[in-house]
Amino acid sequence: MVNEPMHAPLLSIVVPVYGVEAYLYQCLESIRADIPSGESDAVELIAVDDASPDGCGDMLRSYAVGRDGVRVVHLNSNVGLGLARNAGLDVATGRYVWFIDSDDWLPPGTIAAVLDRLRQHQPDVLMLDHLRVHEGGRREVDASSPLLRGITGVTRLADQPQLLRVQHTAWNKVIRRDFLDELELRFFPGWYEDIPFSHPLLIGAEKISVLDRVCYLYRQGRQGAITSTRSDRHFDAFAQYERLMAWVARKHPDERWQAELFELMISHYLVVVGNDSRLHPHLRRDFFHRATAHYRRYLPAGGYPLPPGVTGVKHRLIGRGDWLAYSALRQAHRVAGRLRRPGPEQPLGQPGQAVLGGADSGSLTGDEDPGRRAAAAPTRDGALAPGRLDALAGGQLP
């Protein structure tokens, strides 16, 4: 049973919970303890127990006792992250909603900064910065974070198109609830549920605000995280992109966004197919050819901004369906990456320090990673002429 608050809050925070017993209390306390004095009525915390097999359900029951503004939804069966978020959204009463993953947490001062910005700008979407936190405490600045810099006031994607390349997660956005309903957006089942949810928010928004402040600490390397789990469920990405492309064609059939999303889609597929932590070797060829089918199906008539360098070569190989050339190029690039990687005498950062995320494709782990190359200058599809790039692909490029 979920008790309704007496007054509608400004912000509903939805936390889906599954298999995170070791991290749950840190997450919940980082939210509750951060609510400023006198603002308790402005924030509600909704935790959704997605039939967690560990002690999370009991932890949530105990946590909610005596804590005003904490509401718990217990699901009878496991439905997955996306549908658990929907369950929390269904009972949320706030004007804005923020989805926070239960193995992550907030730095001090975040809630006050978010509430202040929501009241000041009243945006459709408020975008937030974050840090990646690795085991041992090392903190890493995401390479797409600079895309958030220097934006004051409210804006639109048409005026700040680089925002589409900030990693496409739900947790780095606070969303006006009525705006979600206007866009007819909900989460779909399956992995990579953020794909058909996050991009439409930015494309459809008339008022985007950017809070250039670290408001979220994103845990890396947790056992059980999908970005570090080998599974055929990574093929779910194809259905999610089909949903995204269908939404764009129906709601915002703009060639510019179709081209941008196409490039991000293919770059995302390259992250997944090239990552040993996601696909068993025997699945990699099938994934590559599924990506080729999407390349040919969704290739914009006017072309698209082709990434420079090796990534652009890989795009072309996917378009050709040339698995053998791709495999050879991938192996050569991985060997070169290992040779460039610093040794033990060159640490990448100490606990508590934030370092800029590197560009070694062998270290990419998040499904937001296509945006990490946003600063590179693209060419148009069909414009790869330099012979050195052809050579990298063994002379296989047209």
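**Reading helix pairs in a predicted model**

This is a predicted model; the chain has a mean pLDDT of 86, with 84% of its residues at 70 or more.

Q: Over which residues does pLDDT stay under 50?
A: Residues 345–351 are one such stretch, and the model gives them nine contacts beyond four places in sequence. Residues 371–398 are another, with 63 contacts beyond four places in sequence.

Q: What describes two packed helices?
A: The angle between their axes and the distance between the axes describe them. Take H7 (residues 236–251) and H8 (residues 255–273): their axes lie 11 Å apart, at an angle of about 175°. Angles over 145 degrees count as roughly antiparallel, so H7 is roughly antiparallel to H8.

Q: Which residues in H7 and H8 meet?
A: From H7 come Ala 237, Phe 238, Tyr 241, Leu 244, Met 245 and Val 248. They meet residues of H8, including Leu 261, Phe 262, Met 265 and Tyr 269. By class, the contact of H7 with H8 has eleven nonpolar residues, two polar and no charged.

Q: How do the axes of H10 and H11 cross?
A: The axes of H10 (residues 309–320) and H11 (residues 323–340) cross at roughly 160° and come within 10 Å. That angle makes H10 roughly antiparallel to H11, and the crossing is left-handed.

Q: Which residues in H10 and H11 meet there?
A: On H10 they are Val 310, Val 313, Lys 314 and Leu 317; on H11, Ala 325, Tyr 326, Leu 329 and His 333. This contact has six nonpolar residues, one polar and one charged.

Technical notes: Residues are numbered from 1 along each chain as its sequence is written. This is a predicted model: local features need pLDDT of at least 70, side-chain atom pairs count only at pLDDT 80 or more; totals for chains, interfaces and linings use all residues. Side-chain values use heavy atoms; hydrogens and water are left out. pLDDT is the predictor's confidence in each residue, from 0 to 100. Contact means heavy atoms within 4.5 Å. Axes are lines fitted to C-alpha atoms, for helices over the stretch in contact, and angles run from 0 to 180 degrees between N-to-C directions. Helices (H or I, at least four residues) and strands (E, at least two) are DSSP runs, numbered from the N terminus. Angles under 35 degrees count as roughly parallel, over 145 as roughly antiparallel, 65 to 115 as roughly perpendicular and the rest as oblique. Ala, Val, Leu, Ile, Met, Phe, Trp, Tyr, Cys and Pro count as nonpolar, Asp, Glu, Lys and Arg as charged, and the others, Gly among them, as polar. A crossing is left-handed if the near helix is turned anticlockwise from the far one by less than a right angle, and right-handed if clockwise.
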